[in-house]
Amino acid sequence: MARITLNGRPIETADGALMIDVAKEAGIHIPHYCYHPALGNPGNCRMCLVEVQGAPKLQPACRLKAVDGMVVRTDSPAVQAAQAGALELHLVNHPLDCPVCDQSGECGLQDYYMTIGRYKSGVAEDKRHMAKRKPIGPHVMLDQERCLWCTRCTRFLANVVKTAELGIFGRGHGQVVDLAPGKVLDNPYSGNVVDICPVGALTDRDFRYKVRAWYLESVDSVCPGCSRGCGVQVHTSTKRPWHNEGRRVARLKPRYNPEVNGHWICDEGRYSYKTLDQDRLGKVLRLRPAPAGLSAVGTELSWDAAWKEIAGRAGELMADKGAGGLAVIASGALSNEDWRSFKKLFVDSWKVVQFLFAPEPDQVGPEDSLLRRKEKVPNLKGGEALGFGTEFRSMSWDALARSIEAGRIWGLYVVDRDVAGVWGPAAAGLLGRLDFVVFQGPFKGGTGDLAHYRLPSTAYVEEEGSFTNFEGRLQRYAKALAPLGAALPDWEIFEGILARHRAGKGEAL
Ligand code: SF4
Ligand code: SF4
């Protein structure tokens, strides 16, 4: 351990710890641009200079290691003058774009100017002009004038993703950040450069000019894009009008979680919000007249009526044909709360024995060694914890189709799976043979149109709950938005049917 004195306060810290981290831990922010805990400390921005007693000149805190007895000041007049001077240098060529810049409100230059800058500009010459809006990949726009050459983006691409699409070219007045010859920034993690750029040089092409940062509300959540379960923040702007193109979520940002995703998320997860409000189910519908005693086609029902009908019809068919002929298709998209009610309804009460949870073929995709996992659902482990383990995942879609053709299955309850996508044109014929088909999910898809009952469930941003990731880590997510239409969380739908089923049998609720 090292005992140091920081701004007059005695502090005990690990010997050799970086002063910029020691200060942060002690609640003292030292200005910086180039330093990033996951990307290293090149020390090129010169913003983090501090005064060390006995040292002949100021030292960069991002490279200064704590040594026993060290006396450090981060707020002396010499430090403030040096930091203001470094800031002035960064701003010499920086354009006065703040009124139209997307980074405005969350910009390192703005923030430091207000705290350590506020000098009178001594620049009489014109500012340097360079490319203002250069699309460098599907997601990222580059403004070369705004760059202050901190090299965070180039270090992220070279050292974390190892694709090195961006580089710093030229020297002195001609220095510029740009794409390496022949490269395009289209790797699966490209959006992270927008998060780490401390200014508005790299902006998100989807988010640009949509909403000002200070109108955003933020909720902590977990990405459901794969079984990694990266920490994210859901940014919405529901109280202020914005150019939302029919979407309520403005953007997703990574939420630092050292145990799961560190500082990063993948582009697949980051941009998943763009389809969250597309093709959503909002009404509880009875779609076909096939079940005995029911007549209307495409009739909207109240939840209570739908629960009663579904519980009644399933009860009749189970009494008549046995629970063995009912198959349930679900997935690791269910939360832990959903899985619990799922088990209560289908296993404990209805005694269903045929389940299919295999993520293949509609819920698998590319994986890599950084974050992305093959299973594109967040919570297979949660199902496993309740007894829905790998044996259920090995049940094949082909075997189920053959059982339907052979007449061994009379009903299918599909929870947020794309049966029509898996079985293709054969799906209509297969489902048409059944007496009872329920589709429950947030999105329309082809399967919902083939069901007798179509039940709208909430998307993850419209509910609170928890997922258990592939390593068994339980993570909670919060509600960011009101549900669309009549949508309810899956667990509430299962509980509604269960309550009507029990009431029909005269059991206590
Ligand atoms: S583009 Fe942004 S992250 Fe990259 S060097 Fe410039 S300021 Fe730093
Ligand atoms: S790695 Fe998986 S959990 Fe993480 S952001 Fe990407 S899709 Fe979401």
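Start by selecting everything within reach of ligand 1. The shell there holds 12 nonpolar residues, one polar and one charged. (Ala, Val, Leu, Ile, Met, Phe, Trp, Tyr, Cys and Pro count as nonpolar, Asp, Glu, Lys and Arg as charged, and the others, Gly among them, as polar.) Of the 14 residues around ligand 1, the ones that come nearest are C147, C150, C153, C197 and A201. To be around a ligand, a residue needs its C-beta atom, placed from the backbone, within 6 Å of it.

Before moving on, a word on what you're looking at: this is a predicted model, where local features need pLDDT of at least 70, side-chain atom pairs count only at pLDDT 80 or more, and totals for chains, interfaces and linings use all residues. Residues are numbered from 1 along each chain as its sequence is written, while chains are lettered from A and ligands numbered from 1 in the order in which they are written.

Now hop over to ligand 2. Which residues come nearest here? Pick out C223, G225, C226, C230 and G269, from the 14 around ligand 2. Colour that shell by class and you'll get six nonpolar, four polar and four charged residues.

Time to zoom out. Select 2-91 for domain 1 and 285-504 for domain 2; these bounds come from an automatic or database domain assignment. The C-alpha centres of the two domains are 56 Å apart.

Next, show helix α2 (residues 77-91) and helix α3 (residues 108-116), whose axes come within 10 Å and cross at roughly 140°. Helices here are DSSP runs (H or I, at least four residues), numbered from the N terminus. Axes are lines fitted to C-alpha atoms over the stretch in contact, with angles running from 0 to 180 degrees between N-to-C directions. Look at the α2 side of the contact for Q80, Q83, A84, L87, H90 and L91, and at the α3 side for L109, Y112, Y113 and I116. (In contact means C-beta atoms, placed from the backbone, within 7 Å.) By class, that's seven nonpolar, three polar and no charged residues.

Last stop: helix α7 (residues 303-321) and helix α14 (residues 490-504). Their axes come within 8 Å and cross at roughly 60°. On α7, select W303, W307, K308, I310, A311, G312 and G315; on α14, select G496, I497, R500, H501 and G504. This contact has five nonpolar, five polar and two charged residues.

Definitions and conventions:
Helices (H or I, at least four residues) and strands (E, at least two) are DSSP runs, numbered from the N terminus. Two residues are in contact if their C-beta atoms, placed from the backbone, lie within 7 Å.
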